[in-house]
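Good morning, and thank you for the time. Please look at the sequence and the model on the screen, and I shall then go through them.

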Amino acid sequence: MPVSVIVLLVVLAVSAVGSVWVVRRERRRPSSYSRRPDVLAGWRALPSEVQAAHDEAALDAAEAAERVASAPLPRSRVGR
């Protein structure tokens with residue numbers, strides 16, 4: 001077998017083992033939320049209107065940041 005095929009098989013095996021390991025770790029300890037009830041208690045206590053307003057503000061901030069990031073840079077007049 002050529003060396004490149006062996007390297008490809010090793011990379012595939014390592015990625016498969018790594019994927020299984022990451023999925024098992026994520027199931028044991030999810031990174032998206034905390035299992036401690038006191039951590040999210042403040043958020044759960046808020047009315048849904050306040051939660052929605054907070055979500056909208058976060059989305060608006062993200063959109064504004066995206067617009068700023070995609071805006072063309074001003075041309076410099078130095079050296080003209």
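Let me begin at the start of the chain. Methionine 1 is found in the segment before helix 1, which covers 3-28; helices here are DSSP runs of H or I of at least four residues, strands are runs of E of at least two, and both are numbered from the N terminus. This is a predicted model, in which local features need pLDDT of at least 70 and side-chain atom pairs count only at pLDDT 80 or more, while totals for chains, interfaces and linings use all residues. Residues are numbered from 1 along each chain as its sequence is written, and side-chain values use heavy atoms, with hydrogens and water left out.

Is methionine 1 buried or exposed? Its relative accessibility is 75%, so methionine 1 counts as exposed; the classes are buried under 20% relative accessible area, exposed over 50% and partly exposed in between, with a 1.4 Å probe and protein chains only. Leaving aside neighbours within four places in sequence, methionine 1 is in contact (heavy atoms within 4.5 Å) with Ile6 and Leu9. Valine 68 is 67 residues from methionine 1 along the chain, and their C-alpha atoms are separated by 52 Å.

Now the chain as a whole. The chain has three helices and zero strands, in the pattern α-α-α along the sequence. Its radius of gyration is 24 Å, well over the 12 Å that the globule rule gives for 80 residues, so the chain is more spread out than a compact globule. That radius is taken over C-alpha atoms, and the rule is 2.2 Å times the number of residues to the power 0.38. Along the principal axes, the C-alpha atoms fill a box of roughly 60 × 60 × 15 Å. Of the 80 residues, 2% count as buried.

Why does glutamine 51 count as buried? Because its relative accessibility is 18%. Beyond its neighbours within four places in sequence, glutamine 51 is in contact with Trp43, Arg44 and Leu46. The glutamine 51 side chain reaches the backbone oxygen of tryptophan 43 at 2.5 Å. A polar atom of that side chain also lies 3.5 Å from the backbone oxygen of leucine 46.

Finally, the charges. The chain carries 12 positive and 8 negative charges, whose mean positions are 14 Å apart. Lys and Arg count as positive and Asp and Glu as negative, without His and the chain ends; the places used are NZ of Lys, CZ of Arg, CG of Asp and CD of Glu. Thank you.

Technical notes
Polar contact = N/O pair within 3.5 Å; in protein donor to acceptor, adjacent residues only side chain to side chain.
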